[in-house]
Amino acid sequence: MEEQKLSDLGEFGLINRIKEKVSLYHSESIKGIGDDAAVIDNGQKYTLVSTDLLVEGVHFDLAYVPLAHLGYKAVAVNVSDIAAMNGIPKQITVSIAISSRFGLEAIDELYEGINAACENYKVDLVGGDTSSSRSGLIISVTAVGEVEKDKIAYRHGAGLNDIVCVTGDLGAAYAGLQILEREKQVFLANPEMQPELDNKSYVVGRQLKPEGRTDIVHELYAKGIVPTSMIDISDGLASEILHLSTASGLGFTVFVDNIPIENQTLETSSELNLSPITMVMNGGEDYELLMTISQADFEKIKGIPEITPIGFVTEDKNNVLVLNSGERAQITAQGWNHIKP
Ligand code: ADP
Ligand code: MG
């Protein structure tokens, strides 16, 4: 038998492989590997724990990402995973590995962003670790949050005919990334050139300063809605739909026409000759929430303008994107493919 390679497994295959060899020893560990955050029973409520790693050259490029924005984003993406469980973040730890190329000012700037996020999300920085690195900057943030037991939303739990909803608008962060990459290439070719970011502040802002949607969690509490399933949109809508669909054993049908996309995202997509649907489905880093809610909550959801219904849950396990032309496409891990008639 041929030896299995890491590159063949992919990220999700690798995580599953790790998960298979893990045993849990405490009954309080309600949910381990496999959701946006781990779930721990603390008696009265559930404690949520989530961690993310940001590596220079892989997740961020300091050629166009200011350190303060990076610090903010490192916290926001963890807050987003706690929000995806319908929880409220309370504490974070921050660990950094720094190469000799960074001075004290750079670290101050990074923590300016981290502290700004802590103030915005009302989370307490309670610890971390500091190390040197051979090359580049690495930031790891762990967030701890809380949710009442009857309010938790897992990736599983979507029910037949539930309404599929998203928050905010999608595709903008990817559009912003493409603009920043374009301007970086222009600058590298001619350092005299000023970046052309006019009329791009929204999409660039969405890439550089994403927000975790704890505001939505509060809105859901206020309206008495508990999503039947939820995930944050970090890797593109297609990938997140597949996660919820697989976890629930049901299919999702989504109407392109209903997906909220900002005008500046549409303009940028045509400027870059990219399909806006591809940007939404395969892009990523929007950090909005994808959720399913039961039909009974439909009237209540109308009272939250930031939440848009985009489809429904079906018994047929196929995940389908209904295009504006009425054509149907299959949602796949790579995005979406036209279904041949
Ligand atoms: P997200 O995109 O929401 O941050 P990930 O895809 O990174 O989620 O992770 C999915 C699940 O796998 C989570 O439960 C996470 O804690 C777990 N996980 C990821 N990497 C590892 C690892 N190296 N060891 C153990 N669990 C991991
Ligand atoms: Mg997540």
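**A first look**

The protein chain holds 10 helices and 14 strands, where helices (H or I, at least four residues) and strands (E, at least two) are DSSP runs numbered from the N terminus. This is a predicted model, in which local features need pLDDT of at least 70, side-chain atom pairs count only at pLDDT 80 or more, and totals for chains, interfaces and linings use all residues. Residues are numbered from 1 along each chain as its sequence is written, chains are lettered from A and ligands numbered from 1 in the order in which they are written, and side-chain values use heavy atoms, leaving out hydrogens and water.

**Overall shape**

- The C-alpha trace of the protein chain spans about 55 × 55 × 50 Å along its principal axes.
- Of the 341 residues of the protein chain, 46% count as buried (under 20% relative accessible area, with a 1.4 Å probe and protein chains only).
- Residues 24 or more positions apart make up 83% of the protein chain's contacts with a separation of 6 or more; contact means heavy atoms within 4.5 Å.

**Where two helices meet**

- The axes of helix 5 (residues 201-208) and helix 8 (residues 263-271) come within 8 Å and cross at roughly 100 degrees.
- That makes helix 5 roughly perpendicular to helix 8 (the term covers angles of 65 to 115 degrees).
- From helix 5, Ser-201, Tyr-202 and Val-203 meet Gln-264, Thr-265 and Thr-268 of helix 8.
- The residues of this contact of helix 5 with helix 8 comprise two nonpolar, four polar and no charged.

Definitions and conventions
Axes fitted to C-alpha atoms, helices over the stretch in contact; angles between N-to-C directions. Parallel < 35°, antiparallel > 145°, perpendicular 65-115°, else oblique. Nonpolar A, V, L, I, M, F, W, Y, C, P; charged D, E, K, R; others polar. Buried < 20%, exposed > 50% of the residue type's maximum accessible area, 1.4 Å probe, protein only.
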